[in-house]
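What can be read from the model of a protein chain when its helices, strands and contacts are described one group at a time? The report below goes through a few parts of one such model with care.

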Amino acid sequence: MTNFLRRSSSLARWSKLAYEGTAISKTRLPCTPASQITQLAALRRRPYATVNNGDPKSGKDKKDAQVRQGGDELSGNKQNSPSSRSGSGFETSNQEDVARPPSPKDDDSSGKENRIKLSQAEEKSIDELLMNLKRGLPADQGKALDLALQAIKRDGIPKELMEVMKNVQEGHPIDLATAAKLVRVASQLSRNAMEQNMAESNQLPTNEQDRQKFQQNKQDSQPPPPQPPPKNNRNPQKKPDKKGEPFYYDISLWVVAFILYLLYLAPGASDHSREITWQEFRTTFFDKGLVEKLTVVNRGRVRVDLHKEATAQMYPDSPAAQGKFHYYFSIGSVEAFERRLDDAQRELGIPSSERIPVAYKDEISWAGTLLSFGPTLLLIGSVFWLSRRASSGVGSQSGIFGIGKSRAKMFNHESDVKVKFKDVAGMDEAKTEIMEFVSFLKDPGQYQRLGAKIPRGAILSGPPGTGKTLLAKATAGESQVPFYSVSGSEFVEMFVGVGPSRVRDLFATARKNTPCIIFIDEIDAIGKSRAKQNFGGGNDERESTLNQILTEMDGFNTSEQVVVLAGTNRPDVLDKALMRPGRFDRHIVIDRPTMEGRKQIFLVHLKKIVTGEDMEFLTGRLAALTPGFSGADIANCVNEAALIAARGSAEKVEMRHFEQAIERVIGGLEKKSLVLSPEEKKTVAYHEAGHAVCGWFFKWADPLLKVSIIPRGQGALGYAQYLPSGDTYLMNVNQLMDRMAMTLGGRVSEELHFDTVTSGASDDFNKVTRMATAMVTKWGMSNKVGYLYFEEEDQKLHKPFSEETAKTIDSEVRRIVDEAYKQCRELLVEKKTEVGLVAEELLSKEVLSRDDMVRLLGKRPFEDNKEFSKFFDGQPKSAPPPFASEQTDSPPEMPLPT
Ligand SMILES: Nc1ncnc2c1ncn2[C@@H]1O[C@H](COP(=O)(O)OP(=O)(O)OP(=O)(O)O)[C@@H](O)[C@H]1O
């Protein structure tokens, strides 16, 4: 035991662990140790060392034994050394029992007369242990530990505990009765320690009768005068504890921990066996006739059963003389072992009738089996842990078990959805259509009374940023209902079945919160036509998600107030089944805003901006400057203007800030770092001048607003911006021809003014070719091809026309472009001087405005669109910003006629 106690660091660790294990159930403490003892005894294995010279064991074991012996000698216990007694080091204390002083009669089994005192060396070890342990403990715990160990030191270890340890050592498992015994011993030890402590501090009598009397007297008497708190009293035994019960538990805890530790150290159940070699087996046991039986276990090991009595006589200290202990040795193969054994027996002349019986046995090693499951358990454990960790992060839906849950964001109508219809500008028709959903959600009774079927949903389609989501939110805001927003792509996962499951979950949640609105943005991610998807391999997962949406929408009964809105930029690719009545009943097209729409959207966004400009004029001018802008572009422009103004420390956002912002949004950042050579600059100037002069003198072309040779954005060395003749939806042949001629103006000008031409007109040619091709193949503007429409489809492998038609189309496109070129060249030859004028002015100023053009070329000979031109005429100073949607150096492409 001295040895064990010397290892105080491990005792500290172990006791702390035991304490932590039991601390959580302080009130149930007396029951705790029993179960733990069983576990602990089985957990820890400690090699056994016998001390007899004849006993087969390694040199290391011998050394251990010598150390132990030395320890016992040190403790003055020489005559009780293990060589004279079997058992563990604890038993060395048994002799002290004789010298134990008589104590008052105590009826409990762990009373003082039943204790075995510790030796001096052991007591010393306890003191050391105490010192080490107390360092890492809170003051209260330290005090309790002190008391517990002092009591053990003073009174010794109960005999019962010793018996248990002996049993454990002999390999008997700790059964319920033993556990109960241990509990009793532990609690008795604790109580004794506590009472002793009380007695010492209050002179409490230690025998039962006196104790009762004392308690009675204490109750009858006056409460003792309050003691001043003892200052610097370092002796916890003298200090009465005020916490009472909890303190008792603390002591108990330490007693339990200590007992557990003793058991844990006892060379117990685990020390049933020891490996030896064949040679050791032969010389030590076999040749001496001690072997009773051999058992081949799992064809790899042989267990040696010895004649107990004979072994005990020959090796009194060997554990093999005790109950369940046995030696074993490993064999290479059963056959080889049998041969060896036969040989050995033959050598010894053992007759065949007396030969040692050999049994064969297969045993399952539970540890091995468990170990083989280790990697699997580890994998399952880590997956579980990862999923738990993930789910404790963003939200409870994000773990692996929440994968089938809908990712829809819910906006509370009271707090989150603040958008109203007044915030959505420039789409009056769409608002009127969607208003019906609002009145249904607000007052469904009116519709039901008249037998009208409630619309299920609407698809909002249109280019990006035109306000589809905003409109859906405003619908929720107006109808004062919850709003579930989800993107179509959020249904698509790599796992099969997740999409449909999320759809189900979304609709189930919505049904629980009726009335409400579900908004599925970018529904084309899942709602693509199933026929089209199958080209080049289908996507079953997407298809089943779509099917689930169709089913869910069918599943609504008419009284369910769930409206499904969906947004898409590609209504053309949607599955027809989605669009049929009863599902998305309404198809609301939200196009880019018109001039009036843009004005209103600017008004909405300008509300938040500090500006001193006249609102009517400002919004009109900005709207005129931004044809083709979506609501999102407008919002971005307004914000950009405010940023530019703030960057220049301006008081207010002025017109020039807005114009700069629009330029930036359209053309990108000015590339100041890009320095052109003088020749390149000249070419760009003449190229742009060619466009500008064409725009000025062709009746159906758009007049110039601004031309610049400052490089911007990606690869645009210069650009010309034009005043649109209006929000054009239809274009006639004259307009198309003038526009194509104007687009070719850059190259023609280069031809007329330079010896050679540059690559700068490539984008112009692209536009011209596309326009001419559309005129021939789609718009019926070629007599030779006639009134035919040929769809351009990238995915189609075959052209929808014959080779002959293809040739005709080619020649017609070429004819049209040639005509446009001729028209342009005729004009520019005639206006060669004007082109030179404009180009030279551009070279010197880099930017020319509409007013510069008037000054250089005179007033345009045609009437401009009043609606637009009123915002630009009479503005001598400010150069108007560029035309929308143009980033290159050529005139704008015409909108596709609808
Ligand atoms: N009609 C409008 N009135 C006011 N603001 C608008 C309007 N349209 C768009 N906006 C602004 O543009 C922003 C983006 O619009 P929104 O998200 O609704 O576009 P969307 O059509 O849903 O785009 P996408 O198709 O890319 O999803 C809005 O937050 C709003 O600031």
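Helices in this report are DSSP runs of H or I with at least four residues, and they are numbered from the N terminus. The model is a predicted one, and its protein chain holds 35 helices and 16 strands. Of the 898 residues in the chain, 39% are buried. Among the contacts in the chain with a separation of 6 or more, 77% are between residues 24 or more positions apart.

**A residue after a helix**

Phe-871 is found in the segment that comes after helix H35, which covers residues 866-869. Is Phe-871 buried or exposed, or does it fall in between? A residue counts as buried if 20 or more other C-beta atoms lie within 10 Å of its own, and as exposed if 12 or fewer do; because Phe-871 has 19 other C-beta atoms within 10 Å, it is partly exposed. When residues up to four places away in sequence are not counted, Phe-871 touches Gly-620, Arg-621 and Ala-624. Although Phe-871 and Ala-624 are 247 residues apart along the chain, their C-alpha atoms are separated by 7.7 Å.

**The surroundings of the ligand**

The ligand is surrounded by 19 residues, and the closest are Gly-467, Lys-468, Thr-469, Gly-631 and Ala-632. By type, the residues of this shell divide into 9 nonpolar, 8 polar and 2 charged.

Strands of a sheet pair through backbone hydrogen bonds, and the pairing can be either parallel or antiparallel. In this model, an open sheet of 5 strands has the order S3-S6-S5-S4-S7, and its pairing is mixed. Its edge strands, each of which pairs on one side only, are strand S3 (273-275) and strand S7 (358-361). On average, and with direction ignored, neighbouring strands of this sheet are turned by 25 degrees against each other.

Strand S3 and strand S6 (residues 326-330) run parallel and are joined by 3 bridges, and Ser-273 stands opposite His-326 in S6. Helix H12 (residues 278-286) lies across strand S4 (291-297), strand S5 (301-306) and S6, and the helix runs at about 15 degrees to S5.

Definitions and conventions
Residues numbered from 1 in each chain as written. Predicted model: local features only at pLDDT ≥ 70, side-chain atom pairs only at ≥ 80, totals over all residues. Near = placed C-beta within 6 Å. Nonpolar A, V, L, I, M, F, W, Y, C, P; charged D, E, K, R; others polar. Pairing = 2+ DSSP bridges. Helix = DSSP H or I, 4+ residues; strand = E, 2+ residues; numbered from the N terminus. Axes fitted to C-alpha atoms, helices over the stretch in contact; angles between N-to-C directions. Contact = placed C-beta atoms within 7 Å.
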